[in-house]
Amino acid sequence: MIRNIALIGWVRRHPIWSALIALAVAFIIYKVVTPTKPTYEYVAEPAGRGDVTRVVSASGKIRALNTIKVGSEISGQVSRVFVDYNSAVVAGQPLAQIDPTRVAARVTQAEAQVQLARASLVQAEAALARARTDIEVQTRDYARREELTQRGFTTKTGLDQSANAVAAARGGLQSAAAGVVSARAQIRQREAELQSAQLDLNRTRILAPASGTVINKLVEPGATVAASFQTPNLFEIAADMGVMQVEASVDEADIGEIRVGQAVRFTVDSYPDQTFGATVRQIRTSATEAQNVVSYFVILLVQNPEGKLLPGMTANVEIVTGARPAVMRIPSAALRFRPRQGDRPADEPKLKEGAKRPATVWLASADPYKPQRRVVRVGLRGEEYVEITGGLKAGERVLVRSRSLEKKAEQEPEDEGAQEEGK
């Protein structure tokens with residue numbers, strides 16, 4: 001009683017302080033009793049029908065379908081160049097000329113050597129004819145002496161001398177025949193040298209091996225070409241610019257989904273608003289490794305009728321590995337999303353250690369902060385949308401993310417539930 005009287009007296013003596021204290025107490029009670037307005041809201045999207053596409057993203061370089069490197073097999077100074085960058089050429093068209101003076105002199109020398117070899121053959125054949133005549137004469141003389149010796153008109157010594165002469169004539173015949181063979185071999189050798197010199201002379205004119213477009217020129221008039229150890233490259237020709245290929249590098253985690261013939265779409269920086277189409281032509285089994293990342297080259301075939309695509313362009317590739325037209329679908333983010341801890345039902349089932357979480361979405365309800373949990377069956381998973389094969393009806397709204405309502409933050413991180421899902 002005494003305390004209450006004292007408190008009332010203090011209040012009367014200090015009316016201002018008493019009013020301030022009363023206001024503070026009333027504010028605290030109001031804050032405790034009144035619920036706090038949420039600073040966030042959930043964003044929902046309706047389930048509907050549409051196309052679901054699964055793609056593998058990669059990057060690559062555009063190359064000509066067939067690039068031919070044209071070189072020189074002989075050394076010399078380039079006297080003329082007949083083409084430039086982007087020149088259209090046909091097979092057999094001259095590209096450049098190497099000074100033919102020295103090679104032409106070799107051809108003239110080789111022609112002279114052929115003529116000398118043919119003259120030597122004529123001499124060898126004449127010697128062979130003389131040797132044949134000589135052996136005939138010596139054979140007749142030996143026969144005559146042998147008959148005279150039998151009749152006793154000559155001595156045995158004369159017959160022996162005649163036999164030696166026949167043997168010598170036979171040796172001369174063999175030698176003359178060998179001379180003819182040698183002369184003919186000399187002719188073939190000189191003719192081969194002449195053909196080699198003529199071939200080198202023809203090679204002083206660098207010709208296009210196939211029709212196409214010159215995409216690189218590595219030589220100018222006056223430059224010296226040295227082909228002693230390896231063939232120097234002078235030009236690069238793209239055989240057909242109407243058909244190009246893309247060499248895309250695909251990560252080893254995605255290479256198992258790639259198949260020959262799959263559809264591909266890609267863009268290039270030069271035409272960011274245009275999408276080009278291609279098909280998978282080849283999957284190369286040779287792996288490349290860079291910074292402990294293993295990848296494989298996938299070759300894509302692309303038509304280039306307008307000539308917009310040029311060798312060396314960077315292609316941003318999306319390989320379509322699966323497609324479902326006009327199916328029930330929801331945004332892929334809906335499967336990753338989980339509401340905040342306080343908005344989930346208390347009886348939410350907990351997974352056993354090592355168990356896989358079933359495909360789950362959260363549906364918007366009458367209370368925007370009490371969403372409903374729903375297990376669904378999932379078909380094809382795409383980057384933006386996921387096919388739903390059961391557990392969901394068209395028009396039902398699924399939560400995809402949360403959004404901040406505070407003025408200073410237009411959008412907060414996706415949601416705490418998505419972070420908890422990975423735990």
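**Ground rules.** I am working on a predicted model, where local features need pLDDT of at least 70, side-chain atom pairs count only at pLDDT 80 or more, and totals for chains, interfaces and linings use all residues. Residues are numbered from 1 along each chain as its sequence is written, and side-chain values use heavy atoms, with hydrogens and water left out.

**Whole chain.** I checked burial next. Of the 423 residues in the protein chain, 32% are buried. My cut-offs: buried is under 20% relative accessible area, exposed is over 50%, partly exposed is in between (1.4 Å probe, protein chains only). The accessible surface is about 26700 Å², and carbon and sulfur atoms hold 52% of it. These areas come from the Shrake-Rupley method with a 1.4 Å probe; for residues, only the protein chains shown count as cover. I then looked at contacts (heavy atoms within 4.5 Å). Among those with a separation of 6 or more, 75% join residues 24 or more positions apart.

**Cores.** I searched for nonpolar cores, meaning sets of buried Ala, Val, Leu, Ile, Met, Phe, Trp, Tyr and Cys residues joined through side-chain atoms within 4.5 Å. The largest has 26 residues. Which of them touch the most other members? I found Ile62, Phe266, Leu300 and Val317. Two or more residues of this core come from each of β2 (48-64), β11 (243-251), β12 (263-268), β13 (271-290), β14 (293-303) and β15 (314-331). A second, separate core has 17 residues, including Val78, Ala96, Ile206 and Ala208.

I followed Leu300 further. Leaving aside neighbours within four places in sequence, its contacts include Met244, Val246, Val264, Val280 and Val317.

**Pro311.** This residue lies in the loop between β14 and β15. Pro311 is partly exposed, at 33% relative accessible area. Beyond its neighbours within four places in sequence, Pro311 is in contact with Ile62, Met241 and Met244. I also noted the C-alpha to C-alpha distance from Pro311 to Leu65: 9.6 Å in space, for 246 residues in sequence.

**Salt bridges.** I counted a side-chain nitrogen of Lys or Arg within 4 Å of a carboxyl oxygen of Asp or Glu. The whole structure holds 15 salt bridges. One of them pairs Arg63 with Glu247, with the closest N and O atoms 3.8 Å apart. Arg63 sits in strand β2 and Glu247 in strand β11, 184 residues apart. Arg63 is partly exposed, at 35%.

Asp84 and Lys217 also meet in a salt bridge, at 3.3 Å, N to O. Asp84 lies in the loop between β4 (76-81) and β5 (88-89) and Lys217 in strand β8 (residues 212-217), so the pair ties together parts 133 residues apart in sequence. Is Lys217 buried or exposed? Lys217 is buried, with a relative accessible area of 11%. Asp84 is partly exposed, at 38%.

Lys217 has another partner, Glu220, with the closest N and O atoms 3.2 Å apart. Glu220 counts as partly exposed, at 44% relative accessibility. Elsewhere, shared partners join Glu73, Arg106, Asp200 and Arg203 into one salt-bridge network.

**Sheet.** I traced an open sheet of 4 strands in the order β3-β10-β8-β5, with antiparallel pairing. Strands pair if DSSP finds at least two bridges between them. The edge strands are β3 (67-71) and β5, each pairing on one side only. I read 4 bridges between β8 and β10 (residues 233-238), where Val214 stands opposite Ile237. Between β5 and β8 there are 2 bridges, and Ala88 stands opposite Thr213.

**Helix α3.** I finished on α3 (residues 101-151), which has 51 residues. Its first and last C-alpha atoms are 76 Å apart, close to the 75 Å expected at 1.5 Å a residue. That expected span is 1.5 Å times one less than the number of residues. What do the buried residues of α3 pack against? They pack against α4 (156-203). Among these buried residues are Val103, Val107, Leu121, Leu128 and Ile135, along with Gln138 and Asp141.
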